[in-house]
Amino acid sequence: MTKAGKAHKGGKKDKKIKAAAVATPEKLARKVYEDELRNLQVELCNLQEWVKEHGKRVIIILEGRDTAGKSGLIRVIKERVSSRVFRVVALGSPTEDRRAKLFLQRYIEQFPVAGEVVIFDRSWYNRAGVERVLGLTDDKSVGDFLANVAQFERWLTASGIILVKLWLEIGKEEQERRLRVRIDDPLRQWKLSPMDLKSFSKWYDYSRARDEMFAASDHKAAPWYVLPSDDKKRARLNGITHILSRVPYKKIKYERPELPKRSNKGRYDDRLDTDKVKFVRTLF
């Protein structure tokens, strides 16, 4: 075989290897997912105790297109931690009084206090994404935001805030599939807004807005990380793992408490009188 032939054969092999590397992975078994998720949720509890113990302030920004999986990721993050420590902020359209405030003011008002983690389900990056694409703000406001947001975030991190920025990246076909499910499923129809439908036709406008946002706001103090989210289970596991890696927490020693003895002082028959109280109907 000639050298050219060998090279050609090797090229085919390389292409096959590359194709295999980007092939869709096998479906994650439920037990594997649940076991891995539990381990990660234990670590989130460890992170929580570290944040409380040291009075840390953490901001987690979740951005991405509609149906990218932000809500699902937030749900599994919040599932086993305290709502007094982990707080979710999902701001709606601003009211008249809020429109009179500075753009960033409504977000700064939601920042964490010492010992708190705040998850922004969409954030100030609305200005570079949704507002820009749907024409809810002018080009000058978008330009000013992109020119100054990195410095704003440097100020945040310099003040001691730990800032984690995640972009959940969903494919065009998977987004359409999820939107169609929302249309037909009565348990998910509430998730579908007129804005979602309007946004659906502007795929490439969102792509350009995303690219310009990354170019302007990916910096050392608070870099962007992209989380592929077509596979919901893997996205949740990978997303939590990444968040844990970006917060320099350490496990706080757990002092195992002992339950005290119950006092019998004032003892009486404290069973409820079924003739005097109302019980919920037992249907199941």
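Biologist: Why are α3 and α11 called oblique to each other?

Modeller: This is a predicted model, where local features need pLDDT of at least 70, side-chain atom pairs count only at pLDDT 80 or more, and totals for chains, interfaces and linings use all residues. Residues are numbered from 1 along each chain as its sequence is written, and side-chain values use heavy atoms, with hydrogens and water left out. Now the angle. The axes of α3 (residues 70–78) and α11 (residues 232–246) come within 10 Å and cross at roughly 60°. Axes are lines fitted to C-alpha atoms, for helices over the stretch in contact, and angles run from 0 to 180 degrees between N-to-C directions. Under 35 degrees counts as roughly parallel, over 145 as roughly antiparallel, 65 to 115 as roughly perpendicular, and the rest as oblique. Therefore α3 and α11 are oblique.

Biologist: What is the handedness of the crossing of α3 and α11?

Modeller: Right-handed. That label applies if the near helix is turned clockwise from the far one by less than a right angle, and anticlockwise gives left-handed.

Biologist: Which residues meet between α3 and α11?

Modeller: Gly72, Leu73, Arg75, Val76 and Ile77 in α3 meet Arg236, Gly239, Ile240 and Ile243 in α11. Contact means heavy atoms within 4.5 Å. These residues divide into five nonpolar, two polar and two charged. Ala, Val, Leu, Ile, Met, Phe, Trp, Tyr, Cys and Pro count as nonpolar, Asp, Glu, Lys and Arg as charged, and the others, Gly among them, as polar.

Biologist: How do α7 and α10 cross, and what makes α7 oblique to α10?

Modeller: The axes of α7 (residues 139–158) and α10 (residues 203–217) come within 8 Å and cross at roughly 45°. That makes α7 oblique to α10. The crossing of α7 and α10 is right-handed. Leu146, Val149, Ala150 and Glu153 in α7 meet Glu212, Met213, Ala216 and Ser217 in α10. The residues of this contact comprise five nonpolar, one polar and two charged.

Biologist: Why does Tyr206 count as buried?

Modeller: Buried means under 20% relative accessible area, exposed over 50%, and partly exposed in between (1.4 Å probe, protein chains only). Tyr206 has 11% relative accessibility, so Tyr206 counts as buried. Tyr206 lies in α10. Beyond its neighbours within four places in sequence, Tyr206 is in contact with Arg65, Gly129, Val130, Val133, Leu134 and Ser199.

Biologist: Is Arg178 buried or exposed, and how do you know?

Modeller: The relative accessible area of Arg178 is 6%, so Arg178 is buried. Arg178 belongs to α8 (residues 172–184). Leaving aside neighbours within four places in sequence, its contacts include Thr67, Ala68, Asp230 and Asp231. Arg178 and Ala68 are 110 residues apart in sequence, yet 9.0 Å apart in space, C-alpha to C-alpha.

Biologist: Why is Thr67 called buried?

Modeller: Thr67 has 7% relative accessibility, so Thr67 counts as buried. Thr67 sits in the loop between β1 (57–64) and α3. Its phi is near 70°, a positive value in a residue other than glycine.

Biologist: What is the phi of Arg122?

Modeller: About 75°, positive although Arg122 is not a glycine. Arg122 lies in the loop between β3 (116–121) and α6 (130–133).

Biologist: How many helices and strands are there in the protein?

Modeller: There are 11 helices and five strands. Helices (H or I, at least four residues) and strands (E, at least two) are DSSP runs, numbered from the N terminus. Of the 284 residues, 37% count as buried.
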